[in-house]
Amino acid sequence: MFKRVRRIIGLTENVRIHFVYWLVSFFCIITIRNFIESIFENPHHISFYSLMRMTEAQSCFFGHYPVNFLFYALTLILILHFITGERIENTSRTIMIFFSMILAVPFIDLAATGGRGAWQWFSYDWAGYFRHLTYIFTFFKDTKGSTPGLNTEFLCILILTTLYVWVKTGKWYKTLLNVIMIHFVFVSGLIVVFPVIVYEFLGAVMKSKMLNLTPESLFYGIGRGIIRTSEQRFLLVNLLLVVVLLGIWYFRLNGRKFVLLVKNMRILRGMHYMLLTLSGALLGSLLLKDYFPEPEPFTHPFSYLAVIGLCSAIFFAWTAMVVLNDYCDIKTDGGGRNPFLKNGLGRGEYASAGLVYLLFSLYFAFSVSYTCFVVLVFFICLHVVYNIPPFRLKRFFPLNSLMTAVEAVAAFLLGYSLFGGSRSIVYFPPEVMVLLIIFYFLSSNIIHLKDTESDRKGGVITLSTIFGDAAAKKIISSMVFLSLVCVPMLLKIRSLWLPSAAVGAAGAFLVLRKKWNEELFFGGYLVCFILLILYLKHNPDLLINGLAVVMYDGG
């Protein structure tokens, strides 16, 4: 028997398919499962629409469920990998092949309930966890928190993973460890009392924000906080977990390439966009908090997770655009920065990473709100027309600087839309809009200083290619100083005049240095940005008194 099992495992481990095919097939299987489940479950409506509002149904069908299944698959892969010591690509192939068994669950539920259909829900106390320890073996009974199909699926997972560990290791204690981890942690814990686990974790991190909340109201308190629906809340939590698990998975797959991808993310530039989004959220909370539907914008823990989600969305969108830019500049970079030229990373692997970044960015924004999703798509489209033919607007000065400024506005608007919603532009202070455009139009020219030769080769028109490096540095240093001076002038904050002038002078000095150091400049810029955010957060009246905003009317 074990020889036959070993042979089957060997066949699954030797399946050679491109990563994108695995990814597409995985999500297609999940979509087929969700569709069948929706029409089989009582009351038999496509995409769960009758059971929840349209927004929730969309978030459930296209967001929460697919990402939730990905979370479970990664959990299984990593458990088997660390227990057996088997190469992670082997455990991944085996799990992905057998993951199609999830298609059987709706059929089992339909048969076991005589065509009525079953419905799964979470438990909201630890008693639900212990109840499930016995319910899991009640296969053809519709039990609390589970269904006959799920109970059967759980048993199959236990049997198949136990066989895998025994065949690979032949050690009884590792086999027993697998049973304990799969059953008590994966099967019973994460699936049945997931809301309780999240509740306990958030309670430890932000105890003061958990008053009057229960595990059920934390997720299902519709209308409380920034994230409106339970499905979006589940999606956001699952996304944060999947990012961590997928990072561990790829590091175990190829640590060198993982480090290479992280280095190529241009994290300082990504932090620039994250801080813009964060500052947009801060401004929205200050200007619109009195008109927000809730007593306080940040009384609900998921409001903080919403900000983290948006910062993650803009960061992954940026990293996806880095991949796009590297592909577009492959002929002019000459191997200088492109990781697949310089370090041997395959183009297919790099493109797959870019696809994953893009999916993460869109899902994170979608988990917060539809408005945030649309703003992020706008941000991504700006980068696309900036980088790729036929427009490739980065070639034309001053249009390239203007595009960079508009991208900054989009990143800021992403955070601001947490509070302004679909009418964020109506409530957006014009002074801030003007400041963002002027500031980044003037200062963004520094990003071209280290690319003069490749820009000339690629026909990209910048100040450096027009005037040469020496003259361009003088012009750009003046523009950097002027951009900083605009901050107190447009925000009407007198206490910022001296610091802005000092920082502007320091920035101009860094530009004029013989050896241009982009990391040093961006590091200093980010430190000053953070200090400005903290200063305005503790002195909100300085900002509010100088800005004009249309009153929030609930639209």
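Begin by selecting Ser 464, which in this predicted model sits in helix H22, the run of residues 463-467. With a relative accessibility of 1%, Ser 464 counts as buried, because that value falls under the 20% cut-off. To see what surrounds Ser 464, set aside its neighbours within four places in sequence and display the residues still in contact with Ser 464, which are His 448, Leu 449, Thr 452, Arg 456, Asp 469 and Ala 472.

Next, move to Arg 33, which you will find in helix H2, spanning residues 19-40. Is Arg 33 buried or exposed? Arg 33 has a relative accessibility of 4% and therefore counts as buried. When neighbours within four places in sequence are left out, the contacts of Arg 33 are Phe 69, Ile 102, Leu 103, Val 105, Pro 106, Leu 150 and Glu 153.

Now select helix H13, residues 267-288, together with helix H25, residues 518-538, and turn the view until both can be followed along their length. The two helices pack at an angle of about 10°, and their axes lie 10 Å apart. Because an angle under 35 degrees counts as roughly parallel, H13 is described as roughly parallel to H25. The crossing of H13 and H25 is left-handed.

Show the side chains where these helices meet: H13 contributes Leu 268, Arg 269, Met 271, His 272, Leu 275, Leu 276, Ser 279, Leu 282 and Leu 286, while H25 contributes Glu 518, Glu 519, Phe 522, Gly 523, Tyr 525, Leu 526, Phe 529, Ile 530, Ile 533, Leu 536 and Lys 537. Sorted by class, the contact of H13 with H25 holds 13 nonpolar, 3 polar and 4 charged residues.

Two cysteines make the next stop. Cys 28 has a relative accessibility of 43% and so counts as partly exposed, whereas Cys 372, at a relative accessible area of 0%, is buried. How many disulfides are counted in the model? The count comes to 0 disulfides.

Finally, zoom out to the whole protein chain, in which there are 26 helices and 0 strands. Of its 555 residues, 54% count as buried. Among the contacts in the chain between residues at least 6 apart in sequence, 74% join residues at least 24 apart.

Definitions and conventions:
Residues numbered from 1 in each chain as written. Predicted model: local features only at pLDDT ≥ 70, side-chain atom pairs only at ≥ 80, totals over all residues. Heavy atoms only, no water. Axes fitted to C-alpha atoms, helices over the stretch in contact; angles between N-to-C directions. Helix = DSSP H or I, 4+ residues; strand = E, 2+ residues; numbered from the N terminus. Parallel < 35°, antiparallel > 145°, perpendicular 65-115°, else oblique. Left-handed = near helix turned anticlockwise from the far one by under 90°. Contact = heavy atoms within 4.5 Å. Nonpolar A, V, L, I, M, F, W, Y, C, P; charged D, E, K, R; others polar. Buried < 20%, exposed > 50% of the residue type's maximum accessible area, 1.4 Å probe, protein only. Disulfide = S-S within 2.5 Å.
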